[in-house]
Amino acid sequence: MAEETEYEEQEHLSLDPTQGCQLIGAFRAFHGIKDGYVVLHSPPGCHSGMLLLRTLCDNADARIAFSGIHPRDFIYGAEHKALIALKKVDETFKPAFIALLDACAPAIVGDDLDAVEVKAREDAEIKSKILYFSAAGFHKNMWLGYESALVSLVKFMDTNESLKAKDSVNLIGFKDDGFKSVADLTEIKRLLNGVGVKVNAVLTADEFKQIVAAPKASLNIVLGGDGVKLAKVMNKQFEIPYVVVDYPYGVSATERFLERVCEELDKEVDEIFLSQERARVKESVEKVQFYLHGFYGLSCAIIGDTAKGIGLAKFLSSELGFDVKVLALTNKNFWLEENLKGISGLVQEVLVEPDRFEMERCIANAGIQMLFGSTFDKRLANVERVPLIRFSYPTIDNVALTDTPYAGFRSIPTWLESIVNSLVSRYYEV
Amino acid sequence: MYEEENEEAGFLRPLINAYSTLPLHGITAIPGKISGALMVVDAIQDAVPLIHGPIGCAFQRKINPFKPYMPFYETPCTDMNDLDVVYGGEDKLSQGIKETYEKYHPNLIVVITTCASDLIGDDFKAVIDETKANGDVGCEVVYTTGDFTAKSKPVGYQDALYAITDQMLCNGVKEEGMDKNEGSVNIVTFPIHGAGLKVEEMASVLNEMGIGINKVCFDHTTVKDLYELPKAELTITDYPMAWTKLMKKRMGIDYYATVRLEAYRDSKDAELLSPYGIEGSEMVFMEIAKRMNKEGEAEEVIDRRKREAIERLYEVRKGLEGKKVAYTGMGGLHSLEVMLLQDMGMKASVIIYNTRGLEQLLSKDAIREVLDISLEWARKYGSDPEILVNPNTEEAIKAMKRTGTDLAVLSSLNNAVHEINKEGIRTFNPLDFMLHHQRIGFECPIELAFQLNDALKKPERRDPLLCMLEYDNCRTNLIPHWAKLADIFMTLREGAIGDTDKATYLK
């Protein structure tokens, strides 16, 4: 049994960050609108970085343009460039929705992008719905930017009460740029469908019209606490109740996920469905049972965001019997304190938004045999000579094309494959 | 040293190639100054960057746009927030320098400023001077803003090197007080290239000419190595660099860029743009010898090395002579087309000019000039090629078939190579050659000849999966979505929107 979890939050004047600024958080939220587009009112560096973040994990789906700000615009302003960029994007791609985000420079200079938004709305030639979101990186960090960006979508939501649909839910806090996000979403929808629940809208991995129709749902499901601010606003404005659930990693979390949703919707959980799913999981476990016995007690560290990192820590510790030495939460969310209660006793040390230098030193000192993290943790895994299983953001050095989710019941074979193969396939010579 | 001797070269090259056709640099995006500066810091083993800005600038820039397979793992920053933007970030910068030194114990901290810190007017120099004077850091600290080198590109890269030269190497050091490594040169290549691999032969030829190698950068370069750069008499770079000019001005150390863009502007001699191949390499070696007063010794060495190489080349290139080759006209820049004609004895059958994207960067006259140079090169070596300007794939294939083209030297970055293969025309990837093999020296053309011979024997690729995709008619390597991204980027990028647009907006 692990010792009582310590929760360390460090104060720095400088740090090597494990998360981005609010511009990145907002970008992640808006880019999830599948027929939408993001226009950055920024110098080229921000645009280049965001484009790379998208393109390296999905060569087909990058919907981002920039307004071409030049240093001379820092003196005279460049609102006109933002408007031209909106027009060009509207004309070229005909998106349903365009989010205009400003970066640090135009925010400091004082470009009036509210006025640009108004001008764009008044322009009859621009057909897309336009939203200006103040995203300068110095204001907030990534997760706060993500939360605020989701809330900013409320103004587009249809308030017609008569449209309410029974047993339909919205998924909030789902990020379409996460590793295996497509497979995860397919599995979550399959599971909900299996217990008679329909997904109305995914915020954000859906078309704009679905975001608009979000108030139709009977319940908002908040994954791991990401997006709870939006759920609260929708509760107040549209009287939609919400439930915060763990990201469904593993059998228990998946069962609990379905139970909580059914409970909120006043439905009976379909036990036949659950038992069929359990039977399939059992088959997979049986096929690698000796490896699992062998790996029992394997020490590991997890580097991920609050929503997914805590879900994974519970799965690895409770279901696979791993010894989670360090859980480094790259970013908080508004449900952090609640979430931390759930892992009390399961994890030896928890770091919240740590400095990367100190986090790596802590993990190195902990002595681990496996690391769960992102592309940015590749060097650490190499230095520690342990396998790295990628699951958190950003994963830009692995592609995910197959329907093998990390979430839900069907995630179990995927996790077992990844974990067992990462160890037994390694070359070793005495 | 970099790849050849690296046991992982087998996977490293395909890894590098995996990212070589991303349509990003100058096509749909331009990396900002921070990335360029990080390239420099990353190439100095005992240096650490400190990004003076919000966390986004440090987090996002971990992705290395020049080498996406190799993130910048260390990007500490000062975590600038809105209070700092109002009241100034100087205290945080000072504290950040101290913390960075305490954590990493580097020999050099390079402070990289960002939009936020640039705009609010933090006095970087004063903060650094004061922090150093307080004795809080035991290493060099310099800062780069992107403003030191005006329009020299890549801005961040040029500026960071300039900053190191200005604030560290030439700061208070007198030319006469400097120890000299007599008769030696520095060889400096862009850190994206494998410096060790690419200068090995060059260093060997120079040594034989009696010219010593003071330093090769960037190849496991340390701060100590940088301090020793001024000991040389000449610094050789691949492209013109602002920092070498500064070192000449301050310390009298001459510089020489192998691609002589500045000399070309005056003379219009296209050979100055082509430092590779037998003739190009001879020109480079002779120029270095001239500057080092070693012309006498050099002549014999160069003649002998050249003769030996030509003898071997003529053996190897037997299957290539007279073969018809299609390629992209680049005016000799990068020299591959010159090597095909001059060293391989191949005949130009089709020259493809892709001018899309260039229109925003070059004047019509300059584009014409590039095209003319390519054509003149071809004619000089007895070819009368078909010229295609911005053809679609079908037109390009038709021309290649019509002219009986044996090999298309075309990159997937600009051409639908898979479609050409499907039509039974073999291809050679010039990007792969440029990234991994091209270098100054007489051995390089021999290696090229081997590779071209291999390419001519490659089995046909009848059904590439890539042919399943629909491509843009103009940007033939891109699906329509990416072609639109490229078009819109070229429309909106800096300078493309003028004052007229602003006046219209203000109405």
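How many residues of chain B are in contact with chain A, and how many of chain A with chain B? In this predicted model, 57 residues of chain B touch 52 residues of chain A. On the chain B side, the elements that give two or more residues are helices. They are H2 (33-43), H3 (55-60), H4 (82-87), H5 (90-104), H6 (115-120), H21 (480-492) and H22 (499-506) of chain B. By class, this side of chain B has 30 nonpolar, 13 polar and 14 charged residues.

Now turn to chain A. Its domains are domain 1 (22-140), domain 2 (161-278) and domain 3 (280-424). The centres of domain 1 of chain A and domain 3 of chain A lie 35 Å apart, taken over C-alpha atoms.

Chain A also holds a helix pair. Two packed helices are described by the angle between their axes and the distance between the axes. Here the pair is helix H4 (residues 79-93) and helix H6 (residues 113-122) of chain A. Their axes come within 10 Å and cross at roughly 35°. The crossing of H4(A) and H6(A) is right-handed. From H4(A) come A:Glu79, A:Ala82, A:Leu83 and A:Leu86. They meet A:Leu113, A:Ala115, A:Val116, A:Lys119 and A:Ala120 in H6(A). By class, the residues of this contact are seven nonpolar, no polar and two charged.

Next comes a sheet in chain B. Strands of a sheet pair through backbone hydrogen bonds, either parallel or antiparallel. This sheet is open, has four strands in the order E5-E4-E6-E7 (chain B), and its pairing is parallel. Strand E5 (212-217) and strand E7 (254-257) of chain B form the edges, each pairing on one side only. Neighbouring strands are turned by 20° against each other on average, direction ignored.

Four bridges join strand E6 (residues 234-237) of chain B to E7(B), and the two run parallel. One of the partners in E7(B) is B:Ala257, which bridges to B:Thr237. Helix H11 (residues 242-251) of chain B packs on the sheet and touches E6 and E7 of chain B. The direction of H11 makes about 160° with that of E7(B). Helix H13 (residues 277-291) of chain B lies across strand E4 (184-188), E6 and E7 of chain B. H13 runs at about 170° to E7(B).

Finally, check the backbone. Most residues other than glycine have a negative phi, and most peptide bonds are trans. Where does this model depart from that pattern? In chain A, the peptide bond from A:Tyr393 to A:Pro394 is cis, with omega near 0°. A:Pro394 sits in the loop between strand E14 (388-390) and helix H18 (411-424) of chain A.

In chain B, the bond from B:Cys217 to B:Phe218 is cis, again with omega near 0°. B:Phe218 is in the loop between E5 and helix H10 (223-227) of chain B. B:His220 also lies in the loop between E5 and H10 of chain B. Phi of B:His220 is near 55°, a positive value in a residue other than glycine.

B:Asn390 belongs to the loop between strand E10 (386-389) and helix H17 (393-402) of chain B. With 13 C-beta neighbours inside 10 Å, B:Asn390 is counted as partly exposed.

How values were computed. Residues numbered from 1 in each chain as written. Chains lettered and ligands numbered in written order. Predicted model: local features only at pLDDT ≥ 70, side-chain atom pairs only at ≥ 80, totals over all residues. Domains from an automatic or database assignment. Pairing = 2+ DSSP bridges. Axes fitted to C-alpha atoms, helices over the stretch in contact; angles between N-to-C directions. Contact = placed C-beta atoms within 7 Å. Buried ≥ 20, exposed ≤ 12 C-beta atoms within 10 Å, placed from the backbone. Nonpolar A, V, L, I, M, F, W, Y, C, P; charged D, E, K, R; others polar. Left-handed = near helix turned anticlockwise from the far one by under 90°.
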